[in-house]
Amino acid sequence: MGGGDGRLYGRDEEQARLDGLLGAAAEGRSGVLVVRGDPGIGKSALLAYAAGRARDTYGMRVVRATGIETEAEIPFASLHLLLHPVLDRLDGLPARQADALRGAFGLRAEATDDRLLTGLATLSLLAELAADGPVLCVIDDAHWLDHDSAQALLFAARRLAAEGVVLLFGARLGHGFNPPGLPSLRLTGLDGTSAGRLLDAHAPELPRAARARTVAECAGNPLALRELPPYVDVLGGDTALPLPRRLEDAYAARVAGLSAPARRALLVAAAGDGDLAVIERVTGRAPLQEAERARLVRLRGGAGRLEFGHPLMRGAILSTAGHGELGSVHAELADALADDPDRQVWHRALAATGPDDEVADALARAAARADALGGHAGAGAALARAAALTTDPARKARRLVDAARAAADAGLPERARALLDEARPAPDDPHTLARLHALRARAAFEEGAPEQAHDLLVRGAEALAGGAEAAALLVDAARNAWQLGDPVRLRGCADRLTALALDPGDGLGPAIDAVRGAAVFLEQGPAHAVPVMRPLVAYGRTATKAPRALRINAAFVAGLIGDFEAGRRIAAEVAEECRDGGDIGWLPLAHLPLAASELYLGRFREAAATAAEGLRLAADTGQPHRGGHLHGMLAWLAAVRGDLDEARAHAARCHDHYDATGIVNSLAWAEWALALADLGRGDGAATVQRLASAQEGPARRQIHSVYAAPDWIEAAARTGDPTRAPLARFASWAEASGQPWADAVLHRCRALTEDDWGRAHTLFTTAVRLHADSGRPWEAARTRLLFGERLRRERHKTEARAHLRSAAETFERLGATPWAERARAELRATGDPGTPSGASVALDALSPQELQIVRLAATGMTNKEIGARLFLSPKTVGYHLYRAFPKLGVASRAQLAGLDLTEA
């Protein structure tokens, strides 16, 4: 790709793509690109081109780092290398984010254990740098990034938008760095003409026959074209040119020509992390200068770094060292790192030739520090290495289980499974055995096998003699049974929990009560579960210091008994705590009951924004099952809007999720959403057929069968065949719940099945009155629409108009287009022109994220405060506001306070 003069050959398209990214950044638009290819194909040269263009043409600030194989297990090592030169800008970040980076880099005693907060802090720091002008961030050898650094950088990469930041990764094919959802560029070999030009520039004296052979056998690999010509005669005959393995041999041959001290210095550098001061402590300066004169390394004294001329050089040097020699080098590096215990212990571990409990204990302490920093991948690696060096079998097993837990926390399920397979707890160590089962259950659930997860958790509980730990495992097992809609498994968990006879002081009483209520729900039906579940909701409203999982459970249960205001308040409080504390990993779970409560309350735009944000966070945190539920809610909301294509697309994701996992909640949402879409387009027969089929299917025990019953009754009434079966189901639940909105809807449903006009009129009138304080505008508007339709048919046009006009205006505010159009059509049939009020036009024009940002800005929050809350950079917040202002007809954020941004 590049010649000795630094020029690039045959990469015009690739250079143009990079120039486009840099030019966009100069105008304030961010971009990301992953450059992928085989060793020597020109990734580093292309990244170097981008860095040069960024500096010289666009005046951009460039920050760079290279993944280092020997540092790949040290948490946040690569991120620290990248951001170390700009840490003086930390004070410009929100305090929690600044503390997250300081903690990750060991600059403060306390740190977050949420690895994604470090990613958000990385995004904010890059945006802070870009406040002074565009920034290019280059990460070469990204396949050697430590996992925690990679996660932080990818979190930031997926949220770049309007900061003026370009993030470039260079990664080797087949080495595990292929992040989904990011633009990529795969480099292939140069064409013959370009390969010949590069070779002529680099080796002009090469004989014609050797030139032809080199061009042919290098297959367009630029590094081979540069490095191999001197060895063509040595290879001789029919020997194939060394690609890529013998490229390292070519480097090894160059190293062999150095003095022994210089060779030793290069081995120290290859085994280290490029810290020039540390390397010089071991080798001295002179041998390194000899290697620099040979153009094998670059000594960047100002930056304190040593860089190899090409990443393959490091591998070439390490491959020539014997095990004993490499071990002694690691020991010397450990001695030189006395002021950095975590890096020191890794070199001590690499120097160990057999089991060593002293080093193992030191690694375990390093793992604990890494875990506290949110460096779970590094912690898992340290514990796995500690286990390998541990002599006692019981401690070895415990460390392997601990390593698996850390790997799971880091989002490395395959690594976690491998560690669990290696662990062999002794029969007399029930706690380790129970933890092993629990972790295997976690992996099974994440793989889409909740049945297996349930059974493993029960086995884990059985391994214990009882107590709170066993109860906690059974509560988790019950959650799996609930998601499967399996009454037998759920009843088994409830009975086992009852048999444990726990001490009330254990604090698990509310969770156990929830399990019992869930068992009643699946066995006897929703109405019978209401009195059992109601106390948990009351507990969730008042126990603000209770564990988050328990309060989120209370928010879910509030949705089962129809107390949506309580569910929204509980879930919103938990979500706010997570945002304030930077606990991003908890948010997708909190978003499930929050989005559902907003949806039920008729806050459709808020529900869409919450669900959409939850989906993004679920993807970032590796929680696909949360995503399945959120797709279901988005399908329902799209059906209300009349966006049938989007509703079907989200519903299809739910069906796929069910097919893969057997989890029925998302399936229930999808079936209800599709039925609602049928109802919205006036196909009552299709609505009845779909809901009747769902009632016979796997989701029949979900609460959706209750909440969809009014849709079934309405659809049946439209077809002229009202059925009383769903009415009885809804009536029993509504009476048990005692919710005013449920009583109002029940009166509406009874009115729809009533032939006598006088009794129907009384029922409708009562329903309208009950809706007045119910807090569910969607249901209130539907009641008025149906009442107005019946009034018009009974020739009471004047009375009908008031109800229909109110319904139409509410539907417009909610963005429920099919229902608004239906109400307007009925109005026209009464002689009213039915002109739309336009009340929802402005809000409808905003995306869910724009609506979130606008509402927060209207409260007076700054862009930085909004960004911290929504996990965006301040510049991206400003970009969304800039797009939203014209849609709202305002010119500045000061005018937002005067707008009505509510939904109904």
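What follows is a short chat about how to read a few features of this structure.

Me: Before we start, what kind of model is this?

Reply: This is a predicted model, where local features need pLDDT of at least 70, side-chain atom pairs count only at pLDDT 80 or more, and totals for chains, interfaces and linings use all residues. Residues are numbered from 1 along each chain as its sequence is written, and side-chain values use heavy atoms, with hydrogens and water left out.

Me: Where does R790 sit, and is R790 buried or exposed?

Reply: Helices are DSSP runs (H or I, at least four residues), numbered from the N terminus. R790 belongs to helix α41, residues 777-793. Buried means under 20% relative accessible area, exposed over 50%, and partly exposed in between, using a 1.4 Å probe and protein chains only. With a relative accessible area of 10%, R790 is buried.

Me: Which residues does R790 touch?

Reply: Contact means heavy atoms within 4.5 Å. Leaving out residues up to four places away in sequence, R790 touches A751, E754, D755, D756, W757, A760 and F764. For D755, the backbone oxygen lies 3.4 Å from a polar atom of the R790 side chain.

Me: How do helices α31 and α32 cross?

Reply: Axes are lines fitted to C-alpha atoms, for helices over the stretch in contact, and angles run from 0 to 180 degrees between N-to-C directions. The axes of α31 (residues 604-621) and α32 (residues 624-641) come within 9 Å and cross at roughly 150°. That makes α31 roughly antiparallel to α32; angles under 35 degrees count as roughly parallel, over 145 as roughly antiparallel, 65 to 115 as roughly perpendicular and the rest as oblique.

Me: Which residues of α31 and α32 meet?

Reply: On the α31 side they include F604, A607 and L615, and on the α32 side they include L630, W636 and V640. By class, this contact of α31 with α32 has 12 nonpolar, 3 polar and 1 charged residues. Here Ala, Val, Leu, Ile, Met, Phe, Trp, Tyr, Cys and Pro count as nonpolar, Asp, Glu, Lys and Arg as charged, and the others, Gly among them, as polar.

Me: And what about α45 and α46?

Reply: Helix α45 (residues 848-858) and helix α46 (residues 863-870) have axes that come within 10 Å and cross at roughly 135°. So α45 is oblique to α46. Q852, I853, L856 and A857 in α45 meet I866, R869 and L870 in α46.

Me: Is F871 buried or exposed?

Reply: F871 is buried, at a relative accessible area of 2%. It lies in the loop between α46 and α47 (874-888).

Technical notes: Helices (H or I, at least four residues) and strands (E, at least two) are DSSP runs, numbered from the N terminus. A polar contact is a pair of N or O atoms within 3.5 Å; within protein, one must be able to donate a hydrogen and the other to accept it, and residues adjacent in sequence count only if both atoms are side-chain atoms.
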